[in-house]
Amino acid sequence: MEPHRGPPREGPPLSRARHDAAGEAPAVSVEHATKTWPNGTQALAAVDLTVRRGEFLTLLGPSGCGKSTLLHLIAGLIEPSSGSLAWWGKGFEATGEPGRRLAMVFQAPTLMPWARVDANVRLPLSLAHGDTADADRAVADALSLVGLADCARHWPRELSGGMQMRASIARALVTHPDLLLMDEPFGALDEFTRQRLDAELVSLWMARALTIVFVTHSIHEAVFLSTRVAVMGPRPGRLIDEIAIDEPHPRDESFRLSTRFAATAQRLSAAIARACGGEPAAHDAPVRASAS
Ligand SMILES: Nc1ncnc2c1ncn2[C@@H]1O[C@H](COP(=O)(O)OP(=O)(O)OP(=O)(O)O)[C@@H](O)[C@H]1O
Ligand SMILES: [Mg+2]
């Protein structure tokens with residue numbers, strides 16, 4: 001998605017962010033943020049969350065627990081009903097448009113079918129600054145980063161699902177965001193493609209020194225990708241646990257097969273089961289089932 005760059009919205013005052021030990025403000029700080037939709041659904045009870053610069057933070061939880069709502073708050077796409085957010089230490093109005101520094105990738109690739117791949121990737125540049133002389137280079141770099149250099153003149157319909165998602169990621173990266181927000185980007189893909197794209201995403205995260213907030217239902221995906229996992233529970237949506245995954249990146253197949261991987265997955269599974277009031281879920285698929 002193109003970065004959000006709408007005008008500051010009316011809403012509760014935005015507080016000052018806490019700073020880390022080095023005196024640097026975190027990428028995002030969410031303080032006591034709640035969200036109740038107009039129909040009365042309380043999507044989020046008070047959430048406190050700090051997204052540190054450079055981390056790969058995953059929001060993990062069953063369907064309906066408010067993951068997308070929280071991600072959209074972090075994107076500045078919606079306002080909290082109460083509480084506050086700050087981006088790099090500043091409120092929305094004071095940031096000089098946080099949207100310029102963040103980009104979002106949705107579950108569906110959302111490519112414009114009538115535009116070729118390179119035109120799709122160029123869209124945020126066109127919207128933001130007009131087409132500058134550097135745009136061609138930026139589009140080519142972004143396509144090359146995601147392995148689609150040879151597909152620039154293709155139509156979206158000529159790409160596989162995984163390739164379309166790569167194009168969507170290229171479109172998000174073309175503005176060189178500091179913060180990449182991803183809402184189940186690989187959820188619709190087969191397991192093989194998902195694992196490949198997970199590994200590619202970690203490479204991008206390392207190469208571009210990105211901060212990533214990633215949403216998934218998949219415990220295995222969360223363990224493989226993240227430096228930290230924030231576990232969410234439903235009714236109302238809330239954060240219930242936080243687990244750091246102290247395993248060096250890039251991670252490989254041997255990590256997936258390790259007892260450390262299994263133990264971390266089990267711990268996450270147990271946290272979600274507690275939040276849902278049930279038994280620990282077997283990894284992945286039953287997590288969604290436990291919420292329904
Ligand atoms: N625009 C909206 N209006 C009213 N209710 C909404 C709206 N968007 C979400 N909700 C409700 O808010 C709650 C949280 O929804 P959200 O989409 O954040 O969950 P989620 O964890 O992302 O779920 P999933 O894993 O299925 O995508 C749900 O009860 C949902 O029905
Ligand atoms: Mg969602």
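Start by selecting Asp-118: at 17% relative accessibility it counts as buried (buried is under 20% relative accessible area, exposed over 50%, partly exposed in between, with a 1.4 Å probe and protein chains only). Before moving on, note that this is a predicted model, where local features need pLDDT of at least 70, side-chain atom pairs count only at pLDDT 80 or more, and totals for chains, interfaces and linings use all residues. Residues are numbered from 1 along each chain as its sequence is written, chains are lettered from A and ligands numbered from 1 in the order in which they are written, and side-chain values use heavy atoms, with hydrogens and water left out.

**Stop one: Asp-118 and its partner**

Because Arg-153 sits in the loop between helix 3 (135-145) and helix 4 (161-173) while Asp-118 belongs to helix 2 (residues 117-129), the pair ties together parts 35 residues apart in sequence. Helices here are DSSP runs of H or I with at least four residues, strands are runs of E with at least two, and both are numbered from the N terminus.

**Stop two: along helix 3**

Select Arg-137 and Asp-141, whose side chains form a salt bridge of 3.3 Å, N to O. The two are four residues apart in helix 3, about one helical turn. Arg-137 is exposed at 55%, and Asp-141 is partly exposed at 34%.

**Stop three: helix 5 to helix 6**

Next, pick Arg-194 and Glu-221, joined by a salt bridge of 3.2 Å, N to O. Arg-194 is in helix 5 (residues 191-207) and Glu-221 in helix 6 (residues 219-225), so this pair links parts 27 residues apart in sequence. Both are buried, Arg-194 with a relative accessible area of 13% and Glu-221 at 4%. Then select Arg-52, Glu-55, Arg-228 and Glu-242: salt bridges that share partners join them into one network.

**Last stop: colour by confidence**

Zoom out and colour by pLDDT, the predictor's confidence in each residue from 0 to 100. The protein averages 85, and 84% of the residues score at least 70.

Technical notes:
Salt bridge = Lys/Arg side-chain N within 4 Å of Asp/Glu carboxyl O.
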